[in-house]
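Please keep the structure open beside you as you read.

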Amino acid sequence: MSSHLETNVNERCPDEPSAANVPTMHGVNDVASPTEGVGPIVDLFGIRFDALRMPQVLDRLLGWVDEARQSETSQGESENKPTRYVVTPNVDHAVLFQSRGDLREAYETAALVVADGRPVVHASRWLRRPLPECVPGSDLVPALFKAVNESQRSLRVYLLGAAEGVAERAKTQIEQRWPHVEVVGCYSPPIGFEKDATLNESILARVNESNPDVLVVGLGAPKQELWTARHCRSISAPVTLCVGATIDFLAGERRRAPRWIRRLSLEWVHRMMEEPRRLVPRYAKDLWVFPQLIMRQWWLNLRGNRPWSPT
Ligand code: UDP
């Protein structure tokens, strides 16, 4: 990718002007907002989505990587800036978001919030708060690697998450498929690691010593969002992507649903059939709660776009 479609940065780190402070009009806050650099925002179920298409998201990510490299060259070493992290809410996250204050806080300091999953995008259109397209984490990461490879750039990546050995297999696959991407490190933390302060320090030290441009965090939701938000000031990578099972998909450990199933917005059915024990109870709850969120948003729209408040 040689040119950047968007040069402005939508940064939502603490202490900075935040999209969260910008009022929305009919759920959509367009570029002409008082906060410089904040792009169009769609407010849906209380989540402030960045209304961006995949190429625009890629452009932002590569812009942030370039910016960090430039500041490293001009200042000798990189400034201690918090990482810009990306979250990709799907139906399940939208449901979790209602009852988890900690997840809402983690979303507030995310640099980008993009929709993962067609049901969220369909709902946004039906509610006349349209999101331009769905940008799932498991598509975003390979698309980023492809863009880097095709433009003959270079990208240093660290993989954090997935079961033991899976991230190493993902590294082999990534470097074979996209030779311009270098996986500079990978680590699969043990269950419960997030509660162990010493282990967290050593994980952050490992990541930072490898000096990645992009940290890929695949710990499942909401763990990956909470962990990244908690440590965003200690992560030296300019970009962090919270992307669920993406490391599994890259390693070939799990398969995405065939394209025709994805086009029918039924990827969740495919995933549920692969992991019924874990996912049937989750999706049963989502099927019950998500339509209620849609109806509530519809009702708020009808009453003059009243603001959403968590349940
Ligand atoms: N995972 C992990 N450590 C944990 C919990 C999960 O590395 O403590 C990994 C798991 O191995 C898998 C991913 O997180 O690779 C879960 O991704 P998925 O999108 O299925 O999670 P979800 O958000 O749907 O629960």
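1. Start with the inventory. The chain has twelve helices and nine strands. Keep in mind that this is a predicted model. Of its 311 residues, 42% count as buried. Now take the contacts between residues at least 6 apart in sequence: 72% of them join residues at least 24 apart.

2. Six strands form an open sheet in the order 5-4-9-8-6-7, and the pairing is parallel. Strand 5 (112-113) and strand 7 (181-187) are the edge strands. Each has a single partner strand, so one side of each has no neighbour in the sheet. As a reminder, strands of a sheet pair through backbone hydrogen bonds, either parallel or antiparallel.

3. Look closely at strand 6. Which strands does strand 6 pair with? One is strand 8 (residues 214-218), which pairs with strand 6 (residues 155-161) in the parallel sense over five bridges. Here Val 157 stands opposite Val 214 of strand 8. The other is strand 7, which runs parallel to strand 6 and is joined to it by six bridges. On that side, Arg 156 stands opposite Glu 182 of strand 7.

4. Is strand 6 mostly covered or uncovered? Strand 6 is mostly covered, with six of its seven residues buried.

5. Then find helix 6. Helix 6 covers residues 166-177, twelve residues in total. From first C-alpha to last, helix 6 reaches 16 Å, close to the 16 Å expected at 1.5 Å a residue.

6. Which residues of helix 6 are buried? They are Val 166, Ala 167, Ala 170, Lys 171 and Ile 174. These residues cover an arc of only 140° around the axis, so they sit on the same side of helix 6.

7. What do the buried residues of helix 6 pack against? Their partners are helix 5 (137-150), strand 6, strand 7 and helix 9 (246-251).

8. Finish at the ligand. How many residues surround the ligand? There are 14, and the closest are Gly 161, Gly 220, Ala 221, Gly 244 and Ala 245. The shell around the ligand divides into seven nonpolar, five polar and two charged residues. Gly 161 also belongs to strand 6, whose residues are 155-161.

Definitions and conventions. Residues numbered from 1 in each chain as written. Predicted model: local features only at pLDDT ≥ 70, side-chain atom pairs only at ≥ 80, totals over all residues. Near = placed C-beta within 6 Å. Nonpolar A, V, L, I, M, F, W, Y, C, P; charged D, E, K, R; others polar. Pairing = 2+ DSSP bridges. Helix = DSSP H or I, 4+ residues; strand = E, 2+ residues; numbered from the N terminus. Expected span 1.5 Å × (residues − 1). Buried ≥ 20, exposed ≤ 12 C-beta atoms within 10 Å, placed from the backbone. Arc of directions from axis to C-beta. Contact = placed C-beta atoms within 7 Å.
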